Amino acid sequence: MKLKSNPINKQLLIVLMITIIIGQFSFLDIQNSTLLNALTESDSISSVFTKTSLPKAQIVYSETNEPLIQTSSSNSSITYLKNSITVDENINVDYNKTISNFAPKIELNGRYKSDLNYLNLSDKEIGITLPEKGDFFLVGNVSDLKANIIQNSGAETAESFYANDSVHTGIELQRYLTSNGLSGNYSWKIYANNTTSLKYSTYMKDLSLFSRNIILSYDYKFDSNSSIQNVINSSVIFDFTFDTCRVAIYNWVYSNVGLEQVGQNDTSGDYDTFKFVRNTTWDDNWNSLSLNLSAILSEFSSNIPSQLEGFSIFVISPEQSESSFFFDNLKIESQPIPEEIELKLNGSLVNSIDDLKGSFSIQVHVEEKTDVNLIFSLNSSYTVEGQFSLQAIGNISLFSKRQLLLVPPDEILFNVSIDNIVTGVFGVVIGIPLNWSLVEYNSQYVTLISVNEFEDFDQYELLICNTSSLVTIFAIQNNVKSIVLTSSILFETLNVEFNLTFNSLSIKTNFFWIGPVSGGVILDIQNNMLEYRFPSIIPRGEYSIIFLNLNSTIFYYSCNISLTRYAADIAIVDSLTLPQYGSTSVNLSYHSLGNNISIENSSIYVFLDDTKVYSFTNITEVDFIVSMYYLSLGNHTVKIMAFSTFHASVVKIISLISYESPLNVVLDYFSLNDKYYSINLNVSCDGFPVAFAPLKFYIGNISGSGGALSGITDEMGYFQNKILVPLNILSINVTLHIMRYSSIIKIKTFTIINQILKVDVDKTDDELLLGNNVTFSYWIKYSAQNDRWFLPMVDGIPPVLNAYIDTGLFMIPVTWDNTSFYWQVKANSSTYSHKFVIICKGPQLNVKSYVTNNEIQFQLKIYASYLYKNASILLYSNINTSLSSYDWKITNSNGLEITDTYKIVISYSYVKISGLELAEGTYLLLNLIGINNSFNNTVIFIPLAIGSLTISAISFIGIKFYKKRKSLSIEL
């Protein structure tokens, strides 16, 4: 056994980190159980189930999916291992899931019937609640349809029910908010202040009627403080003008003369006029009036009206008075048939079955207890009221509870119970497999009215009588008679022979074992024989085993076995004490304790606080890393589980203690090459390496570094990476964040010093060629062997445009700032001939030209912002002009010849003036004159060039000359 601070090289390295989880396996907690006798599940029995089988021992299935098993061979309770996790590929059957999948072919349905009445179809949408899920036909009738042609009869909206061009003379109709209205919050109010015997107001709007059952109705009341109540021969008249007649209703009559009796016909005008008198006391009470005009008018006229053309209100008072009159719910109703208004329910037409009645049928599929919306639609703008009845007829899937009752040794009972059966369900149908039998039902509430045999199941119809629950129990045949074990004490292989009630060459069964660990597999029984080799992960011990088939043939059997293995042990430290972020290497060996038998086909699992962090096979000794990085301070455990085919499974638990200690961070760096530095980091804690710690580096004062550099320490706490370092950075700030989850646990800042040396230079003898640009060059003297260099900014030179190192073979780029030039090159014996080249902005140069028949004259004006020595200027011609045919001289601004002061070089295509000396801030004025009697060129190019006189390197400024009559125009 070893405890190390540094890992050693072995076959495999195991990393115990919570963040690195490859799989999970837990030893099963053991609990004692009492004997329970039911397998319970809540389900809907409307589905068609598959034939399955059940065990003969008593089994419970609950919402927690934790079965408790009592074998038939023992009366004492046994332990069951919870939370079993499969770690071997062939252990793939879950006992709970197998039991819960028991679903015999049983059908349970109920039929539902209910009558529902609704009086108002104007809302267009009606909600009904169906009790449970299922398929329904909604069948019903619509009758007594009434269409009210006056849309705002109760004044409940701001919209008026009369025409916009209505005529009124002193009597106004108001929408009045009243606290004692008849229905709703508003009523219509009429106020009249009478100075003559007759006041009226006419409200016109043509409205079509249906020809059946025309009923006129309204509610009214008088204001008790109106003075008109004491005036003889006064009344308020509602006058309705139809297309075939006129109806006048006298409301409140206070008169000493006799009036026409109600219903008497007056044919003195253009219309047959029917007068109706309603004597009412003038008080503050509501009164109602209703007239069936179709019935009354048919006695006097065969012309039943089809349209309302006008509605007028008259106030008759023979003397001055005032009156207030209220009315509400003014209706003129007529009765349509469904086709006249295209009445539809949920998009389906309601069909007429006689003059005043319609019918409908709608199919509805409901997934669960829910509200179903019935939506009426019609093509009429009138408010339509009616009455309809509804029946919901269909199969309803009732939710049930199922219990599996296992009575040793061979009786299996299946219980189906239904709670909260709605009163509307008047029949329940249960279908069961043919080899089942109905052994119990609550006969005091349920009547068995029929037994019908179908293809492979019987159907029972049960009549519910005054009950809200139903319980039925069925007996199921167990098809296993007995089994024979070759031995109940096993080394690793189980052999068993089955005695079944049927003959089969091959049948599958679920095989479960319950003991120190639990699990299961699906096995083939071949010719009633079965052989199974327990996987190495199953430790030795006492087990209860169960054979259970719930797929096609129902059988169950259970018994006990004893599984044995060769003795083995795990050699490892008993405890570890580490700082809170530290890590260490631990040695582990799994070995045999007897007979010098080597352990083969081994499997080892490592858990950190019950979380599996790694597993490996066929290795008897290994080193692995234990890291405290993601663990809290205090006590923890490392659990080692080792398994072998022939050897006992072994578990060792290491006590792991974490104590508080600070992090220690060391950073080193060195140059890798011309561009990169290597940064090397080591993180430790109280002398132990900090393994697998996430890092973030923030590299300061380097633009374009791409943000943070991320990484993670290795098992020894080291991290290495490289960074690009620009030449002009003398120091680099590095900020390190050490992360734990999303938090920063350590921040440390370092500074990397970039070593950079100064060079000495000597001016070369290269001449300065004046132009747009001027090139200065210097010989470089490297002072030592180094890779980064700088040169202070050269005094007195013009603004720098470019700079580089000329090695003779290639150019090395140079950067600069306000103080220095910077470049990078390994200095050695091959760098002695390096030349430092600076390209600067040239002086201001102005050239004017004059041309005569035999003379060309150039006036040169040069302004020097900086000092220029031994400078030259080059004037270049196109190749069609031979400048060498001219005699050239130089004069100053006063016309004095000073040719000897400078050197003139003449060629076919250019004239060069050398030996120019320009002091800083001065002007130089010269005239260059060329004389030739045969001069006739028309184009001259005057370049401003620097550096070599190679023609291809010269830059040009073009000056075009255009000869006119007596003058020359120059265009620059």
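Mentor: Strands here are DSSP runs of E with at least two residues, helices are runs of H or I with at least four, and both are numbered from the N terminus. The model is predicted, so local features need pLDDT of at least 70 and side-chain atom pairs count only at pLDDT 80 or more, while totals for chains, interfaces and linings use all residues. Residues are numbered from 1 along each chain as its sequence is written, and side-chain values use heavy atoms, with hydrogens and water left out.

Begin with strand β24, which covers residues 321-334 and contains N329. N329 is not a glycine, yet its phi is positive, about 55°. Most residues other than glycine have a negative phi. N329 counts as buried because its relative accessibility is 19%, and buried means under 20% relative accessible area, exposed over 50%, and partly exposed in between (1.4 Å probe, protein chains only). E342, in the loop between β24 and β25 (344-345), also has a positive phi without being a glycine, about 50°. At a relative accessible area of 42%, E342 is partly exposed.

S417 belongs to strand β32 (residues 411-418). If neighbours within four places in sequence are set aside, S417 is in contact with S400, K401, L470 and V471, where contact means heavy atoms within 4.5 Å.

Next come the charged pairs. The whole structure holds nine salt bridges, each being a side-chain nitrogen of Lys or Arg within 4 Å of a carboxyl oxygen of Asp or Glu. One of them joins D284 and K221, at 3.7 Å from N to O. D284 is in the loop between β21 (272-278) and β22 (287-292), K221 is in strand β17 (residues 215-222), and the two are 63 residues apart. K221 is buried at 3% relative accessibility, whereas D284 is partly exposed at 40%.

D610 and K639 form a salt bridge in which the closest N and O atoms are 3.4 Å apart. This pair links the loop between β49 (603-608) and β50 (611-617), where D610 is found, to strand β52 (residues 634-643), which holds K639, 29 residues apart. K639 counts as buried at 14%, and D610 is partly exposed at 46%.

K835 and D766 also form a salt bridge, 3.6 Å from N to O. K835 is in strand β71 (residues 835-841), and D766 is 69 residues apart from it, in the loop between β63 (760-763) and β64 (768-769). K835 is buried at 18%; D766 is partly exposed at 42%.

Finally, look at how some strands are arranged. Four strands make an open sheet in the order β72-β73-β78-β75, paired antiparallel, and two strands pair if DSSP finds at least two bridges between them. β72 (844-851) and β75 (887-891) are at the edges with a single partner strand each, so one side of each has no neighbour in the sheet. Eight bridges join β72 to β73 (residues 855-864).
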